[in-house]
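Biologist: I'd like to learn how to read a model like this one, feature by feature. Can we walk through it together?
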Amino acid sequence: MGRLVKDSTIAAQNLISGDSPVLTELNSQFSNTLYVAKNGSDSNDGKSLATPFLTIKAAFAAATSGTSIRVASGTYVEDNPLTQPANTALMGEDLRTVFIEPSNPTSDFFLMYGGTYVWGVTVRNYQGVCWRYHPSATTVYVSPYIQNITSSTTSSNATCVLIDGSIGSSTSTKGMILGFMTMLNKGGTGVKLINQAYSQAVNIYTLFANVGLKLESGSFMTLNGSDCSAGNYGIWADGKTQLYTGTVQGNVQSGNSSVTLANMSSFPRTNNGLIFAGDTNLYFTSTFANLGGNVWNVNVTSRFGNAYSNGTAVTGYAVSTVSASAHTMEYVGAGTDPTTALPQYGGIPIPENEIIQTNGGRVNFTTTDQKGDFRIGPGLTIVRSTGTIEGDDFNRSLFAVMTPYILSIEG
């Protein structure tokens, strides 16, 4: 019988959730759990507290679907890239005491498959991408989940999370779930999505990044209760990706918000952007119905600014879109150097850098800045210091409400 010891966290699974320490045998083991510790050896089997691995890479190599890897406190310099097998969990004892660094700083750090989970670690001193999909992750039905981590690096080339929607089959989720992440990526990027990638994120904090969150080429992200602090840019949505083509069936008058599209090369999707030949405006789809074959009736969120004749060509796009609610913008635009960007050192924010929309990309947002001003999209601001409402959207709404009353009084 092994010696009884009182272990702080990795001794028993329930300790990861913050319960009180328990007594366990030093030589005991839990089913499908591997251990990593600074007093370990990669020649061990990693299956008990008495025989831990020395490196996370060795634990990944030994892991199978359903394995949980528990990492004790310490600094681990790992031979990267590290490939995390599908349906495995990497659990640090505590993000304030478990530090992971790459031995090859400019290479990818972690390559993930579907169903993977990371919790409770600090990654630092990397110069490339920290987390991304493994290139061979062809089928992903359960998204990777990264939670409760800290990233710390000073490289302008560093990106904490890169989600590439081109990896995986057409039925893959093409996404990752992110939560409770602090990204101190000075001069680098917090989260980047490309090629119609997808992400759900909550409590994401970017500090001193060149760009906090950037979406390109038709990607989509929901973002809730998060924060961009200092840095050059906050949230940036850029570009679109073509999905299908078609033609207008019948004639459509200016001011309408419904159109019938024929000869469609593929079906429309919610929130697609439509561009009609001869019109540079981007109209977003809201609802649609199939009328048979490749003919569809499509409703858009705004009225058409032009008339379209029968046969007018139309192109549908996946538009890079961020839907951000309750997002805080603190001194965005003040720069990436903490010694000059922080308010106590004279940092000056640039409000125009909080939300960037280029090449058709869009950000739907509610934000609060360092002054307490509350914004609902680009056209409406509630100014905290004066208690007033400003913005083009507010002015148009007020005009629309007041005009009938004014006309009735004058009449």
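Modeller: Buried means under 20% relative accessible area, exposed means over 50%, and partly exposed is in between, using a 1.4 Å probe and protein chains only. Asn80 has a relative accessible area of 4%, so this residue is buried. Before we go on: this is a predicted model, where local features need pLDDT of at least 70, side-chain atom pairs count only at pLDDT 80 or more, and totals for chains, interfaces and linings use all residues. Residues are numbered from 1 along each chain as its sequence is written, and side-chain values use heavy atoms, with hydrogens and water left out.

Biologist: Where is Asn80 found, and which residues is Asn80 in contact with?

Modeller: Helices (H or I, at least four residues) and strands (E, at least two) are DSSP runs, numbered from the N terminus. Asn80 sits in the loop between β5 (74-78) and β6 (82-84). Contact means heavy atoms within 4.5 Å. Setting aside neighbours within four places in sequence, Asn80 contacts Pro102, Ser103, Asn104, Ser107, Asp108 and Phe109.
A polar contact is a pair of N or O atoms within 3.5 Å; within protein, one must be able to donate a hydrogen and the other to accept it, and residues adjacent in sequence count only if both atoms are side-chain atoms. Here, a polar side-chain atom of Asn80 lies 3.0 Å from the backbone oxygen of Asp108.

Biologist: How many residues has the largest nonpolar core?

Modeller: By nonpolar core I mean a set of buried Ala, Val, Leu, Ile, Met, Phe, Trp, Tyr and Cys residues joined through side-chain atoms within 4.5 Å. The largest has 59 residues, and those with the most contacts inside it are Phe110, Trp131, Ile146, Val161, Leu178 and Ile235. Apart from that core lies another of 15 residues, including Leu274, Phe276, Tyr283 and Trp296.

Biologist: Is Leu178 buried or exposed?

Modeller: Leu178 counts as buried, at 0% relative accessibility. Leu178 lies in strand β15 (residues 175-185). Leu178 and Ile146 are 32 residues apart along the chain, yet their C-alpha atoms are separated by 5.1 Å. Leaving out residues up to four places away in sequence, Leu178 also touches others, among them Val161, Val191, Val202 and Met221.

Biologist: And how do I read strand pairing?

Modeller: Two strands pair if DSSP finds at least two bridges between them. Take β18 (residues 211-216): six of its six residues are buried. β18 pairs in the parallel sense with β16 (residues 189-194) over four bridges, and also in the parallel sense with β21 (residues 233-238) over five bridges. Thr189 stands opposite Val211, while Leu215 faces Ala237.
For the antiparallel sense, look at β24 (residues 273-276) and β25 (residues 283-292), which pair over two bridges. They form a hairpin with six residues between them, and Gly278 in the turn has a positive phi of about 85°.

Biologist: How many disulfides does the structure hold?

Modeller: A disulfide is a pair of cysteine sulfur atoms within 2.5 Å. The structure holds zero. For Cys160, the closest cysteine sulfur is in Cys130, 5.3 Å away, so it is too far for a bond.

Biologist: Last one: what is the average pLDDT of the protein chain?

Modeller: pLDDT is the predictor's confidence in each residue, from 0 to 100. The chain averages 89, and 87% of the residues score at least 70. Over residues 1-26 the pLDDT is below 50, though this stretch has 50 contacts beyond near neighbours in sequence in the model. Residues 398-403 are also below 50, with zero such contacts. Where pLDDT is low, the predicted coordinates should not be read in detail.
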